Amino acid sequence: MAVVQMQRINIVALKTDRAEIIKRLQELGVVELSLNFDKLRKKVRVSRKDTSSARAQFEKNATQADQAIEILDKYVPEKGGLSGIINGKPFVDNYGYNRIDDDQKYYKKQASEIVALEKDISQANADIARCENQIEMLAPWMGLDVPMNTQGTQKTVVLIGMIPEGIDASAIEAKLKAADKPGDRAEITVISKDKDASYVAVTCLKEDLEAIEEGLRSIGFAKPSYLSAHEPAEEKNLLLDEIEKCKKIIEENEKAIADHASSRADLKILSDFYRLKADRYAKIAELPQTKKTFGLSGYIPAPEAARVAKEIEDKYAASVEVLELKPKAKPPVLLKNNWFSQATEGITASYGMPSKGEFDPTLIMSFFYVILFGMMLSDAGYGLIMVVALGIILIKGKTMDPGLKKTLKMFWWGGLSTFVWGLLFGGFFGDAIGIFSGTFGDGSVAFHGFWFEPIGQPMRLLMYCLIIGLIHLFFGLGLNGYLMLKKKNVVGFICDVIAWYLFLIGLIIMLLGSSLFASMATGTEFANIHISPAMNTAGMVLAIIGGVIILVMAGRRKKNFGMRILLGVYDIYGITGWLSDWLSYSRLLALGLATGAIAQVINMICQMLHDMVGGPVGVILFLVVFIIGHVANMAINLLSAYVHTNRLQFVEFFGKFYDGGGRPFEPFKAETKYVRFTTSKATSKK
């Protein structure tokens, strides 16, 4: 439950060490570089280095390596699967880094060759598509025994085209005659026809060309878009030969790409190698420099400051200064929690980092989160699957991405809570134990839980859900009071926290003595709660005292008394928000019952199928439906539990005391796509 203290680190060093220092800071990944260059330039005569050209070249090289990797993945898929996700990106030591650095030209050539091979394959495929399209266009003209682009003879002209109607030569002549055109002075040959068009060759004298063309246009004649210089049958054979050549090119290039598969790992290192260089040059462009020196400044976690300062000063000709932050500074936020609570840091971060003056609520929130998550899912079978499966993954995935590891740990704790609540409520894949016993045995075995079954006693569960919700809400209000006392705002603590405690506790006491509560508590242990008239009066007094304080003091910053009262009335109206928040915890009941009820329905269907079919087939149907049904039920309700548990934290809990709005700590570090470079102190090349 801590926000890591930040300090300011300033470094001034020789320009000859600039690339090495930036590289080392990138490897360490503990400094967020921040420096107001324009403000500094007013005090000191400094400039910046233009690195855009070099950075663009590095980015281009990285992109080419990415393209080569994508091509290899397309033609020679890499075996990955779950193990790749569990283990995360592979580590590359300084030797691997330097090997790529030394042989950059070789690996760049490999990437270029792979990209060129794919480009030739794409062109060959485009040529095949073009040839196939041309063959399709030639199909109606296969009966033509002259080239399609023929011009005729010295005195005649040949017009080749189609008429949008499946008719013969005599019908075409008749149409021309009807259009008062000299159709009888042309020789019309129908090469082929279908229901939509006639493909014709029209031969006429050159002196009749204009009239014949006009007549043909009047009946929809159109020349084909593709006019080959060969007879259609010959052109088709030429196109088929070209297709075979293209297929051979594709086959040869695919084999050549496959031969490059052994370079995939090196290309991944190459891509990230250039990606990191591009990032470093982007930072270098931001640094102020003089003729021989440069400077940088940034935020660093206090526990890391001394170590980093010593290393930089020992290895380079540099002066390092570590300073405490000024009171008005707004540093980035880095959270640090224990082994349990760190799993839910992502939940806090997704809402917002603590702003200045706030504390990290992760520790307190994490306990409520796990408890509420388990109540919503509340099935020991589902919880057991989560605990075992995620436990195996976490044990095996020692090199897993830290962010993913935190998320899986959060669900592991949620699974453990689900298992415990399932044992208490008697849910083990619904009522699977009893169903299996009744279907495959004598029905003498059943599991009803160590506490009670919510499906049979929903009001009892609702009462406990509301109690947990009240504790959650009161805890949030108490944390708001803690923050006020920390800021020495005693008046705010009394008026905005104590007054609300009095008001709410008084109303709760009065509710416990009402007939509404009595009807809700019927049949539960809460029915034994008895509120005496004196207690009821005490509750009323507490509510009145708290209400009066809120009424008078909620608008205390206003000088106008009438405005203060109006603001107080509005603040008291906020009790409706409290009621709404409190009733939101009924979703614990709803989702818990939904999980159990759906599970029981699935089990009932399984039993019915077994009884209807019988024999081995019935057993198979039982097991298949059981597995599929419970997997689906677990997935749906797992998502619901995650979403609604987050909501109870974000709206109901955080809404009482936490603003967030802090900026997360974003250190300059190695942002890679494929591999992780080690951060040993051994010096490597630039």
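User: In which helix is the place of Val617?

Analyst: This is a predicted model, and in it Val617 belongs to helix 24.

User: What makes Met604, Met608, Met612, Val613, Val617 and Leu621 a nonpolar patch?

Analyst: A patch takes residues with over 30% relative accessible area and no salt bridge, and nonpolar side chains such as Val, Leu and Met are joined within 5 Å. The six names form such a patch on the surface, and together they have about 580 Å² of accessible area. Helix 23 (586-613) and helix 24 (615-653) are the elements that give two or more residues to the patch. The largest share, 4 residues, is that of helix 23.

User: Why are helix 14 and helix 15 called roughly antiparallel?

Analyst: The axes of helix 14 (residues 380-396) and helix 15 (residues 402-425) cross at roughly 150° and come within 7 Å. Angles over 145 degrees count as roughly antiparallel, and the two helices are therefore described in that way. Their crossing is left-handed. Among the residues making the contact are Gly383, Leu390 and Leu394 of helix 14 and Phe411, Gly415 and Phe419 of helix 15.

User: How do you know that Arg264 and Glu78 meet in a salt bridge?

Analyst: The rule asks for a side-chain nitrogen of Lys or Arg within 4 Å of a carboxyl oxygen of Asp or Glu. For Arg264 and Glu78 the N to O value is 4.0 Å, and the pair is a salt bridge. Arg264 lies in helix 10 (residues 264-284) and Glu78 in the loop between helix 3 (52-75) and helix 4 (82-87), so the pair ties together parts that are 186 residues apart in sequence. By this rule the count is 24 salt bridges.

Notes: Residues are numbered from 1 along each chain as its sequence is written. This is a predicted model: local features need pLDDT of at least 70, side-chain atom pairs count only at pLDDT 80 or more; totals for chains, interfaces and linings use all residues. Side-chain values use heavy atoms; hydrogens and water are left out. Patches are made of residues with over 30% relative accessible area and no salt bridge: like charges are joined within 9 Å, nonpolar side chains (Val, Leu, Ile, Met, Phe, Trp, Tyr) within 5 Å. Accessible areas come from the Shrake-Rupley method with a 1.4 Å probe; for residues, only the protein chains shown count as cover. Axes are lines fitted to C-alpha atoms, for helices over the stretch in contact, and angles run from 0 to 180 degrees between N-to-C directions. Angles under 35 degrees count as roughly parallel, over 145 as roughly antiparallel, 65 to 115 as roughly perpendicular and the rest as oblique. A crossing is left-handed if the near helix is turned anticlockwise from the far one by less than a right angle, and right-handed if clockwise. Contact means heavy atoms within 4.5 Å.
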